[in-house]
Amino acid sequence: AVFQVRAHYFDLTGADEDAEAALAAQQAVGAAIARFDGEGARREQVAALRNEFEPVTRIFADIVAAKRANAALGKNRIVSRGSLLRYKLDDLADTAALADLSHVQAGVRDITAQFVATLALANTFVARPDPTAADSISARIRLLENALHSFEAVSGLPAQKSKEIGAGLKDYGAAFADFVA
């Protein structure tokens, strides 16, 4: 019963510590089954229980491994793309400053600050998925994409950089949506 409860709780939270607690409970059940394996009259019952329990342990181990692999993949894609975009936004702000476009520089700095906040939320989501946070993060990414479009036509600012960052934000949003799905 303890293993079932902990496995169900892990299913709800997806947290690594809950997976560890469920795996520990699973090992305790396995040890208890092994202890009673050799006793006479209950031998058949214990064998039947072991036959039911062993596939469950394999399936649960596969689920935990898949969840960890998915988290690592998502973290790599989301975190690395997010960091790259942040550096590109900083570069765009610096380019605006060099072109003496202080209003653009200020706008890009605001977008960068909003992106850093969105990036922090996305990184937290990767560690602890929360469906309500996912919707908020996706909406923030779309708002940033729209805000960035306003700088694509600014005279004196390389339009290619803005378009490249816009495409990067779109890819980042798609990577995040893939992770959420």
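Let's start with a single side chain: Arg-77 is partly exposed, at a relative accessible area of 31%. Here, buried means under 20% relative accessible area, exposed means over 50%, and partly exposed is anything in between (1.4 Å probe, protein chains only).

Before going on, keep in mind that this is a predicted model, where local features need pLDDT of at least 70 and side-chain atom pairs count only at pLDDT 80 or more, while totals for chains, interfaces and linings use all residues. Residues are numbered from 1 along each chain as its sequence is written, and side-chain values use heavy atoms, with hydrogens and water left out.

Now, what does Arg-77 pair up with? It forms a salt bridge with Asp-178, and the closest N and O atoms are 3.8 Å apart. This pair links distant parts of the chain, since Asp-178 sits in helix H6 and Arg-77 in helix H3, 101 residues apart. Asp-178 counts as exposed, at 51% relative accessibility. A salt bridge means a side-chain nitrogen of Lys or Arg within 4 Å of a carboxyl oxygen of Asp or Glu, and helices (H or I, at least four residues), like strands (E, at least two), are DSSP runs numbered from the N terminus.

How many salt bridges does the whole structure hold? A search finds seven. One of them joins Asp-16 to Arg-68, with 3.0 Å between the closest N and O atoms. Asp-16 belongs to helix H2 (residues 16–35) and Arg-68 to helix H3, so this bridge ties together parts that are 52 residues apart in sequence. Asp-16 is partly exposed at 37%, and Arg-68 is partly exposed too, at 31%. Arg-68 has another partner, Glu-20, and there the closest N and O atoms are 2.3 Å apart. Again distant parts of the chain are linked: Arg-68 in helix H3 and Glu-20 in helix H2, 48 residues apart. Glu-20 is partly exposed as well, with 42% relative accessibility.

Next come the rings. There are six aromatic pairs in the structure. Among them is the pair of Phe-3 and Phe-53, which is edge-to-face, with 5.8 Å centre to centre and 75° between the planes. Phe-3 is in helix H1 (residues 2–13) and Phe-53 is in helix H3, 50 residues apart. Both Phe-3 and Phe-53 are buried. For Phe-10 and Phe-60, the ring centres are 5.7 Å apart and the planes stand at 80°, so this pair is edge-to-face too. Phe-10 lies in helix H1 and Phe-60 in helix H3, so parts 50 residues apart in sequence are tied together. Phe-10 and Phe-60 are both buried. As for the cut-offs, rings of Phe, Tyr and Trp (its six-membered ring) pair if their centres lie within 6.5 Å; planes under 30 degrees apart count as stacked, over 60 as edge-to-face and the rest as tilted.

Finally, take a look at helix H4. It covers residues 102–127, which is 26 residues, and reaches 37 Å from its first C-alpha to its last, close to the 38 Å expected at 1.5 Å a residue. (That expected span is 1.5 Å times one less than the number of residues.) Buried residues of H4 include Val-104, Val-108, Ile-111, Phe-115, Leu-119 and Ala-122. An α-helix has 3.6 residues a turn, so residues three or four places apart point the same way. And where do the buried residues of H4 pack? Against helix H3 (43–98), helix H5 (131–149) and helix H6 (159–180).

Notes. Contact = heavy atoms within 4.5 Å.
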